[in-house]
Structure formats: C-alpha cells, structure tokens
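Student: I have a structure open and would like to learn how to read it. Could you walk me through it?

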Amino acid sequence: MNAILGGGFADPPTQSAHAFRALLEAMARPGRIHEVTGAAPPAPISVAAGVALLTLTDSTTPLHLAGPADSEALRVWIGFHTGAPLVPADEAQFALGHWHDLQPLSRFRIGEPAYPDRSATLIVELDQLESQGARLTGPGIRDEARLSLPEIGAFRSNRALFPLGLDFILTCGSRLAALPRSTIVEDI
Amino acid sequence: MYVAVKGGERAIDAAHAWLAEERRGDPAVPELTVAQIREQMTLAVNRVMAEGSLYDPDLAALAIKQARGDLIEAVFLIRAYRTTLPRFGQSRPVDTAAMAVDRRISATFKDLPGGQVLGPTFDYTHRLLDFALAAEGAPPPAPKAPVRDEPVPHVTALLDRDGLIEDQPTDDTPAPDLTRQPLELPASRALRLQALARADEGFALSLAYSTQRGYGRTHAFVGELRIGRVAVEVDLPELGFAVEIGEIELTECDTVNQFKGSKTEPPQFTRGYGLVMGQSERKAISMSLVDRALRWHELGEDFTGAPAQDEEFVLSHCDNIQATGFLEHIKLPHYVDFQAELELVRRIRREATQIREAAE
Amino acid sequence: MSTPSHPETAARRDWISALAKARPERLAALMPDLPAHEMLRAPEIGTIMVQGRISGTGAPFNLGEMTVTRCSVQLAGGAVGHACVQGRDKAHATRAAIADALMQTDIAPRIEAEVLTPLRAEAASTRATRSAKAAATRVEFFTMLRGEDA
C-alpha cells in the first residue's frame with residue numbers, strides 16, 4: 001500500500017511551485033524541454049506525467065485515463081494525491097495516456113467560442129522526446145523550435161480550431177515539453 | 001495610457017507603521033487577544049466568516065483585529081487568504097433537520113414537535129444599555145432543563161404533508177460554483193443562494209426590507225428559524241467512505257409565502273430559503289426573502305421592476321468585496337486619466353467660447 | 001462512495017470522526033507520545049466546500065468553505081493512518097492520523113480506552129450541556145382564561 005500512497009511531493013508547497021513554473025515555462029515556450037522531479041507514480045507512468053498530475057489536477061479537474069494508464073494502482077494514487085475525479089473522455093479537463101491510447105482526439109472537449117478554456121489538456125506519454133523533428137513556430141517561439149512529435153496531422157488540425165482546441169503536455173521519463181493550441185506545426 | 005510613476009515608498013512605510021500604532025491604541029490599555037475576539041465578539045466573527053465565505057473562527061477573529069474592527073476589511077483579508085489554500089473537496093450537503101439546535105422558532109405554528117426554543121436571543125431584551133457590562137464580572141450560569149429526547153423536524157414538512165406548500169424533492173444536480181466559474185445569467189437557484197450566502201448583510205437586509213414595503217412583495221412569514229450545529233461529512237477518497245470531519249454552526253430560515261397561484265402553479269404556500277454560516281439570523285431571514293423574490297419567473301409571477309426581483313441587479317451588487325474594491329479604487333491615483341479629462345474640458349470650453357464669440 | 005454498512009468500516013468511520021472533532025490541545029494531552037512514523041502525506045492545510053440543500057431537502061448549493069488540515073502516515077509496522085480535521089492545526093492532523101493507524105494495530109484497545117473513550121465522553125458532555133441550556137429556553141404556552149361564561 002505504501003508503494004501506491006508514496007510517491008507524492010515530499011514538500012508540496014515548494015515542489016509544486018517549482019513544477020508549476022516548469023509547466024508554465026513549457027507552455028510559454030512551446031517545444032522547449034524541461035527536466036522535472038519529485039513524483040514517483042506507479043509504473044508505467046513517467047515521473048514527468050506524475051509531476052504534471054500532482055501539480056495541475058485536484059478534486060475540481062475531471063481526469064480521463066486512457067489505455068494502460070487506467071490501472072488500479074494509478075487510480076488509487078491519483079485518488080490519494082490529487083483527488084481528481086476519473087471521467088470519460090468527453091467530460092475530461094485533463095487526460096493521460098500514450099499517444100495511440102488517446103486517439104481519437106475528437107473525443108475531447110475543445111472549448112466553446114465564449115469559453116475557449118473549457119477544453120482538455122492532454123498529458124501525452126511518449127517513448128522519446130527530443131529537440132528534433134517537426135518544426136514549431138508561433139507565439140512563444142523566437143524563430144523556430146524542433147520537437148519529436150508522434151505525428152503532424154493531428155496537431156495541424158488542432159491548430160486550425162484556434163481559438164478552440166486542445167493543449168498538450170508531452171512527457172517522457174523526467175522530461176516534458178508542451179504544445180499549446182497556438183503553435184503551428186510543420187513537417188519540415 | 002499608463003505612465004510609470006515612482007515614489008511614495010517612504011510615505012507608505014510610515015503610513016503602515018502609524019496604522020499599526022493606531023490599531024494598538026493606547027498602550028496603557030491591555031491588548032486584545034485573538035481568542036478574546038473569537039469568544040466575545042462572536043457575532044462579528046460569524047459575519048466575517050459568512051461574508052468571507054470561509055468557516056474558521058480563529059482566522060476571522062485575527063482578521064477583525066488586523067482590520068481594526070472594520071468588518072468589510074476583515075472579510076477582504078479572509079477572501080485573500082482563502083485564495084492561497086488548495087481545495088481538497090466538497091462536503092455532502094449538510095443535514096439541517098439533524099441540527100443540534102440552540103434556537104428554533106416558528107412564527108406560523110405555536111405548537112410544533114420539538115417546541116419553540118428561544119436560545120441565546122436578543123429578541124426579548126429591552127435594548128437598554130447595560131452599564132454593568134462596563135465592569136468586569138462573570139454572568140450567573142444559564143439555567144438548564146432536562147432534555148426531551150425527541151426529533152426536531154422542519155416545520156415546513158408539516159404543511160408539506162397536506163400539499164399546502166410547494167414540495168422540495170431531493171435532487172442531486174451538482175451545485176454550480178460562483179468561485180470557480182464566472183457568473184452567467186440567468187443563474188440557477190443554487191447559484192443565487194451561494195451568492196446570497198456570502199452577500200453583504202446590509203445589502204441583503206435592505207433588499208429584503210424593500211420587498212416587505214412593496215417592491216416585489218411576497219408576504220413572507222418565518223415558517224422556521226433554527227440555529228445550531230451540524231456535522232460536516234466528507235467523502236475521503238483515501239478511505240473510500242464518508243466521515244464527519246467537524247461541526248459548524250449555521251443559521252437556517254425557511255419562509256412561508258402567500259401565493260395565489262399562477263398559470264403553471266396551483267394556489268399554495270411557496271418558500272424562500274436562507275442558510276448562513278454562524279449565528280446570523282438577520283442575514284438568514286433577509287436571504288430567504290430575497291431568494292423568494294428572485295423566484296418570480298419560476299413561479300410565473302409578474303416582474304414589477306422591483307430591485308429584489310432583478311437577478312442581475314442583486315447578484316452583481318451583493319458582494320461587498322467586489323463593491324468596495326471598485327468603489328475604493330477611485331481614490332487611488334488617476335492622475336493621467338484626470339489629466340485627459342482636464343484637457344478635454346478645456347478644449348470644449350475653448351470651442352464653445354469661440355462659437356459664442358463668432359455668433360456675437 | 002456510500003455510507004458504510006460494514007461494521008469494521010463503520011467503527012473506523014466513528015473513530016476518525018471522534019479524532020477529527022477533538023479539540024487539538026485535548027488530543028495532545030491524551031496522546032503526548034507519538035510512535036515512529038513516516039509521512040505519506042505531510043500535514044497540509046486546505047479547504048472543503050460545504051454544501052447545503054435548497055429548503056433543507058432540495059438540490060445542493062455551495063454555502064462556503066471551511067478550513068481543514070489533512071495528513072497521512074505509516075507506522076514502522078506498516079499500518080497506514082489518515083486524517084482530515086477541521087481547522088489549521090497540523091499537530092492535530094498528524095496525531096489523528098497516527099491514532100487512526102494505531103487503531104489498526106494490536107494496541108487498538110489501549111487507544112480506545114485512553115484516547116477515544118475520554119474524547120467521546122467529553123464531546124457528549126459538551127453537547128448535553130448545550131442541549132440542557134436550550135431546553136431551559138423552550139417556551140411552555142399557557143392557555144389564558146377566555147372571557148366566556150364559566
């Protein structure tokens with residue numbers, strides 16, 4: 001039981017502030033990779049995804065777990081550390097899973113014209129996360145950034161929905177990067 | 001246009017230092033402790049908790065001390081502090097029928113199960129200043145009487161049995177939260193009640209009084225007013241079941257209102273509802289009158305243009321922190337705005353003068 | 001989640017509640033020494049949104065928040081204890097979590113006798129005192145003689 005109930009922030013005020021800053025920077029500078037620490041979620045969830053869950057979710061943020069992420073161990077861990085209610089994809093404010101488990105993305109809320117913020121943020125577990133591959137441009141990027149994305153088309157369609165759409169936090173081990181809906185993704 | 005202006009730091013520091021000294025008052029007089037405020041200024045503490053929307057008597061007492069007794073300033077401090085806390089969850093709806101009552105009265109029925117219990121009320125005092133309180137001394141102990149072990153049901157349940165009053169069936173629609181979502185109109189009754197529960201007591205009182213004087217009249221009787229403690233029960237995910245984590249004092253008012261029926265509703269009594277943190281019956285009665293007045297649309301009544309019927313008017317102006325924030329900000333530097341106004345008035349005057357001179 | 005029907009769950013629910021409602025200084029006096037423990041979740045202050053129901057029985061609405069402090073511990077022997085207590089006293093939450101854990105060990109009867117029994121008795125006595133004062137203010141109506149022919 002300890003293995004599941006452990007793994008939260010040891011010093012929540014300080015660690016969650018650092019983690020929040022890292023997530024904020026990641027969203028503000030799309031494509032830039034940040035190293036985060038402090039969470040030890042049950043396998044197979046990455047440290048970075050655990051940090052994002054501890055920092056961004058609570059009892060008022062409905063969460064969807066997709067694929068193998070929807071494990072008993074993770075359900076208990078989330079219940080104890082964040083209290084986020086677990087919901088189907090179309091009610092979720094946050095979702096966690098591997099890229100292929102999160103498909104189709106059309107299941108998630110993209111916001112409403114009056115409230116574009118009523119949309120989902122997807123925490124996408126990836127097997128690799130490197131500063132190479134797709135070209136990113138747009139707000140928060142001086143010239144261009146490069147990021148290894150699982151595909152291009154989905155992010156381009158998402159950009160086309162702006163100001164509606166999904167936001168993404170990409171996680172791999174203890175590293176994370178973000179891709180807000182405002183970023184233009186090109187296969188160059 | 002914004003223009004950065006520096007300066008005033010030394011003056012501000014000095015002002016804060018003097019404020020601290022003035023707050024303390026004459027050092028020859030013993031300093032108030034937070035516990036003294038909590039125990040002896042209870043109704044002020046209750047008001048700060050209700051309008052600050054945070055139940056914590058020690059914090060409210062501290063806020064009153066810091067605010068030099070300015071209760072709206074104290075509410076402001078509580079609201080600001082609240083924003084620094086994570087919210088762990090929500091309680092199950094409190095069961096006011098199971099309240100351990102200190103006070104329970106009905107203006108509609110004399111004899112009712114559980115009886116009329118006056119509690120520690122000002123109602124029958126003569127409002128004569130008691131100079132004995134100017135001296136210190138312990139009051140004689142309050143008398144006690146044997147407790148009758150009987151339930152204290154809600155009075156309206158009695159009328160409900162005969163179908164003479166509108167039914168309020170249990171319903172588990174999740175409650176909207178004013179503190180998490182921006183206000184959208186028309187608001188649900190649940191949202192209006194949340195806004196009224198934290199509304200300024202004076203504003204709620206005046207609106208309620210206006211309905212009594214004819215501005216959206218609803219002919220209210222206090223069906224029941226009760227004050228006491230209820231348990232707060234919370235589902236804890238780590239346990240997998242609900243536990244009582246504490247007790248809070250509440251004031252509840254259920255009004256019974258005359259209703260001659262409408263196109264959609266039969267003639268029967270209708271209800272208004274007030275529920276407020278702490279012992280605060282003026283606020284609870286006011287809340288239930290305003291709640292009832294706001295229900296005109298739902299009950300198919302006429303909108304007479306009365307302020308208490310106007311949801312946008314009531315909900316946009318009932319919060320004293322919003323109100324005082326906007327009101328008081330106009331005393332802060334607006335040098336550039338005013339400079340622009342000044343230029344404008346000078347130009348208009350100049351033009352007006354020129355036109356007049358040209359005409360002459 | 002539902003109200004527990006299982007007797008063990010009901011018992012645990014009762015002691016967690018008695019510990020949560022205890023006055024912090026009273027709990028500290030009854031439980032001066034704390035066994036070795038590891039923090040699963042260090043004491044943290046937060047709020048719970050308290051809900052009421054329209055007219056006492058209808059749809060829920062948000063009344064306002066209350067401060068709470070929560071804490072979870074694990075004892076050297078492995079027992080895990082949780083607490084969520086009213087107010088902002090971290091020592092209260094820690095003690096309540098440790099007592100919850102101890103109640104799941106062999107020394108539960110000692111905690112029951114030395115901590116929970118006195119807390120429950122004191123709570124009952126406080127409640128009884130208030131109820132007795134309230135009972136003294138209960139109105140007894142007398143029917144006055146009406147001006148009719150006797």
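Student: Into which domains is chain B divided?

Tutor: Keep in mind that this is a predicted model. Chain B has domain 1 (9–82), domain 2 (96–120 + 148–168 + 175–323) and domain 3 (333–360). Notice that domain 2 is written as several stretches of the chain. The C-alpha centres of domain 2 and domain 3 of chain B are 53 Å apart.

Student: How are helix H5 and helix H11 of chain B oriented to each other?

Tutor: Look at the angle between the helix axes. For H5 (residues 71–82) and H11 (residues 320–329) of chain B the angle is about 105°, and the axes are 10 Å apart. Angles of 65 to 115 degrees count as roughly perpendicular, so H5(B) and H11(B) fall into that class.

Student: Which residues make that contact?

Tutor: H5(B) brings B:Ile72, B:Val75, B:Phe76 and B:Arg79, while H11(B) brings B:Asn320, B:Ile321 and B:Thr324. Sorted by class, that is four nonpolar, two polar and one charged.

Student: Now for two chains: how many residues of chain C are in contact with chain B?

Tutor: Count each side separately. Here 54 residues of chain C touch 71 residues of chain B. Among the elements of chain C that each supply at least two residues are helix H1 (7–21) and helix H4 (108–136). S2(C) gives the most, eleven residues. The side of chain C that touches chain B has 24 nonpolar, 20 polar and ten charged residues.

Student: Which strands are joined by bridges between these chains?

Tutor: Strand S2 (residues 87–90) of chain B runs parallel to S1(C), joined by three bridges. For example, B:Gln90 has C:Met49 as its bridge partner.

How values were computed: Residues numbered from 1 in each chain as written. Chains lettered and ligands numbered in written order. Predicted model: local features only at pLDDT ≥ 70, side-chain atom pairs only at ≥ 80, totals over all residues. Contact = placed C-beta atoms within 7 Å. Helix = DSSP H or I, 4+ residues; strand = E, 2+ residues; numbered from the N terminus. Nonpolar A, V, L, I, M, F, W, Y, C, P; charged D, E, K, R; others polar. Pairing = 2+ DSSP bridges. Domains from an automatic or database assignment. Axes fitted to C-alpha atoms, helices over the stretch in contact; angles between N-to-C directions. Parallel < 35°, antiparallel > 145°, perpendicular 65-115°, else oblique.
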